[in-house]
Amino acid sequence: EDVLDKAASRKVKGVMGRIGRIMYKNGRKYVFAQHPAAVLRHPAQVEHFQRSLVRVLDKWKPFVVESVPFEKAVPEILASEEVSYDGEWGHDRRITVHGLSWNGGRMACAFPRSDRGDELVRNVLQSKRAVGHNSLGYESDKWNLEHQGFGTVQWFDTLLGLHATHNHLAGADEKDPGPSSHGMFSLRSAVLLYGTYGGEQPDVDWKRYETDIFATCREDAAMALRVSIPMRQRITAQGLQPTCDLSHEIAPIFALMKERGVRMDTDALGLITNERKERVGRLVSEFGLTEVRGKKKLRTVPIWRSPVVLDRFEAQFGIRLANNQKATWAKAARETKGEAQVFAQTILELKKGANDAHWIGKVEEDEGEISYSKLDDEGFIHPEYRIYGSPDRPIAGGPNIQNFPRVKDDPRNVKLRSAVVSPREDMALVACDFIALETVTQAYEASDSKRVADALEGRLTHEGTAEAINAAFGLTLTRQQGKTFNHAF
């Protein structure tokens, strides 16, 4: 499956895309589940793991979604109090298939774009409560619908609901941020957690994008509606409604932030690029970190990014390093002497700031003009912001701008953060750093009013916690480790 998916440029299912799948071999029944060690590292997956195991029990009837023809579906949809929506679209982001479900997910209809179909969707979404999965983020159903002339009123997003009840399990399949991955397997996780009730259990392998896009769209809408019922009951019972409401307010704001983007100072980026180019050229030449390649046309290429540099180091100093990672070279620089140490320090120096392409894209020069593949024509990059994906904070991706190196940690003479400028010349940037934000919010959520007061009044700090533990137990914890203890307590 993975080989075929890669060949077709589809997202590989991995573990999250197969959990709960039932398989038969040699007269025995198996279910695909996570390795227990992975569950121990990810508490939000404990219930997810349990639910995957109980799927092997033959105690539920299959939950079947009835496919209703369009003409018959119209009056039923219009008479329903609540519906769910799912849309399918191509690379041009234009919606091509609409999917609607009602009656708790038991009935569903998927149909191609048409004037009548668009009118139905428009009427439904402007007059009823709508349920969807990943319906509120950037390039979500709501975003796409509104950009194509469909007004929408009130949504319940089951992806955000899953985040409220199961934390960053909602983003566990989002290692490669982008419109192709959002919610692709997290709806499957929601079905595992919430889909089995009333003596019925849905299939978890309903997606058939390659063979039946209409069936996939129909089932996506139905599954979102089915899981939304017990999910909302749990949100209410566990007092999570304020958290869920807040995420529903934030998601559209994050979508607008992605659309607007972050403007970069191309002059500053030019200085960074030229500085790095000069430094790399000097070090590569000084230490001979090149080799000649090619058959008909010979060319000299640098080897410091390639595993070939490990061969060169072993040939010169008799030491074989495990890999070409920065941490490995840092260890070699600490543990070797003489020329071997100088060699390792040189590779480390070359690796400093080597991820510029990750932040701003591939650099191209044409007649003295420098361009960057991740910048648009106005000099903006467009990071994506998601509420889910991390235990205690929203995350960014494509590029992950929140991981731009801090000024004090940035080895460049011109710091990468200095290239971030206001969206317009008549605007100013205001930066806020909320000290111990996660500690305060976690203490607040735990109803630990004393800890909140201690943090706000300066009696509780990450440094102070590390120092207190060091004094009591004779340890040498760092501020970062003190931070871990503060979060845990």
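Trainee: How many disulfides does the count come to?
Mentor: The count comes to 0 disulfides, a disulfide being a pair of cysteine sulfur atoms within 2.5 Å. Bear in mind that this is a predicted model: local features need pLDDT of at least 70, side-chain atom pairs count only at pLDDT 80 or more, and totals for chains, interfaces and linings use all residues. Residues are numbered from 1 along each chain as its sequence is written, and side-chain values use heavy atoms, with hydrogens and water left out.

Trainee: And C244, buried or exposed?
Mentor: C244 is buried, with a relative accessible area of 1%. C432 counts as exposed, at 57% relative accessibility. Buried is under 20% relative accessible area, exposed over 50%, partly exposed in between (1.4 Å probe, protein chains only).

Trainee: Switching to helices: at what angle do α8 and α9 pack?
Mentor: About 50°, with the axes of α8 (residues 186–194) and α9 (residues 213–237) 9 Å apart. The two are therefore oblique to each other.

Trainee: Which residues of α8 meet α9?
Mentor: L187, A190, V191 and Y194 do, and on the α9 side they meet D220, M223, A224, V227, P230, M231 and R234. Contact here is heavy atoms within 4.5 Å.

Notes:
Axes fitted to C-alpha atoms, helices over the stretch in contact; angles between N-to-C directions. Helix = DSSP H or I, 4+ residues; strand = E, 2+ residues; numbered from the N terminus. Parallel < 35°, antiparallel > 145°, perpendicular 65-115°, else oblique.
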